[in-house]
Amino acid sequence: MYDVLVVGSANADLTVRVERRPGAGETVLGADLVESAGGKGANQAAAAARLGARTALLARVGGDAYGALLLAAQRAAGTDVGPVIVDEAARTGTAMIIVSPDGDNSIVVSPGANAALTPQDVGAAKDIIAGASVVSLQLEIPMESVRSAATLAQEAGTRVVLNPSPAPDGLAPELLAAADPLVVNEHEARRLSGLTDGEPAQWAQALRERGARSVVVTLGGDGALVLDGSGVSRAPGVQVRAVDTTGAGDAFTGALATRLARGDSLPEAARFAVRVGAAAVTKPGAQPSYPSLAELDELPEG
């Protein structure tokens, strides 16, 4: 039915650019506030849909203006929003984002309706999960709902892409066992592997030894490292001028899921996803920065 089903969060991103980040107790002036569609789940769905994948999103939003904004953005990207639950009594999740001149960001998330996406909601979508080629999961919804989605996907033989962000102190063994791949950045890889130093390949190996079927460590401008049954490989970075890194990891994950659903090997999918993530940092915002296949062709080779 779908190439990619994303089960996760949908947030309104409230972004302000600053000359420098404030210290404790300090006030700084910023540029005008920009409101846009975001949330790790919605971001990954938009990225996949814009790349041509048949994509659906299972999420919860409030019956407010931000909820309407998020639904409109998904429809514009090409995502099927039929599974999205609109809770008229809830407030849509929001993310407050501060972007510095070098494009780096600091983010605070208020979950809102995302916190009410229950295992029962996930169970009601059992047939949709079974009909998808890939289910993409993150951790901005309740953990029990993530576990429910992973379990249903495994039972149906649907591949699970797990991006454990925000990074917890640890992951349940059944979640690690479902991940194929586990997609982590360097901070998440260190935290979840329990290794405070070392190299990405060591973190990936530790995570695989803990149960992940395969691991992808994203390395920002340096690309990504892949560990699967065939060993370790690298997807080289693409040199671009970074404007805003918000949502770049979600662009990567959505692209990765898209190519895995198409049948690419994990290293092949990672090389494609690196290019998508690089394209995403060249424009401001999360979803507004995600490229189509035609736009991706204009990016220089890595």
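Colleague: How does the lining of the largest pocket divide by class?

Modeller: The lining of the largest pocket has 18 nonpolar, 21 polar and 8 charged residues, where Ala, Val, Leu, Ile, Met, Phe, Trp, Tyr, Cys and Pro count as nonpolar, Asp, Glu, Lys and Arg as charged, and the others, Gly among them, as polar. This is a predicted model, in which local features need pLDDT of at least 70 and side-chain atom pairs pLDDT 80 or more, while totals for chains, interfaces and linings use all residues. Residues are numbered from 1 along each chain as its sequence is written, and side-chain values use heavy atoms, without hydrogens or water.

Colleague: And which residues lie nearest the centre of that largest pocket?

Modeller: Asn185, Thr245, Gly247, Ala248 and Gly249 lie nearest the centre, out of 47 residues that line the largest pocket. On a 1 Å grid over the protein atoms alone, a pocket is an open set of points with protein on both sides within 12 Å along at least five of seven lines, a cavity is a set where a 1.4 Å probe fits but cannot get out, and lining residues have an atom within 4 Å of a point.

Colleague: What volume does the largest pocket have?

Modeller: The largest pocket has a volume of about 1,200 Å³, meaning the space filled by probe spheres set on grid points that are joined across faces, edges and corners.

Colleague: Which element gives the most to the lining of the largest pocket?

Modeller: H9 does, with 5 residues, and among the others that each supply at least two are strand S2 (11-17), helix H1 (40-50), strand S11 (179-185) and helix H10 (266-280). Helices (H or I, at least four residues) and strands (E, at least two) are DSSP runs, numbered from the N terminus.

Colleague: Where do H1 and H9 meet?

Modeller: Lys40, Asn43, Gln44, Ala47 and Ala48 in H1 meet Asp250, Ala251, Thr253, Gly254 and Thr258 in H9, with contact taken as heavy atoms within 4.5 Å. The residues of this contact divide into 3 nonpolar, 5 polar and 2 charged. The axes of H1 and H9 come within 8 Å and cross at roughly 50 degrees; axes are lines fitted to C-alpha atoms, for helices over the stretch in contact, with angles from 0 to 180 degrees between N-to-C directions.

Colleague: What about H7 and H8, at what angle do their axes cross?

Modeller: For helix H7 (residues 186-193) and helix H8 (residues 200-209), the crossing is at roughly 45 degrees, and the axes come within 9 Å. On the H7 side Glu186, Ala189, Arg190, Leu192 and Ser193 take part, facing Trp203, Ala206 and Leu207 of H8, and by class this contact has 5 nonpolar, 1 polar and 2 charged residues.

Colleague: Changing topic, how many cavities of 30 Å³ or more does the structure hold?

Modeller: The structure holds 1 such cavity, and about 40 Å³ of space lies in the largest cavity. Its lining has 9 nonpolar, 1 polar and no charged residues, including Ala10, Ala42, Leu57, Gln74 and Val84, and helix H2 (residues 65-77) gives the most, with 3 residues.
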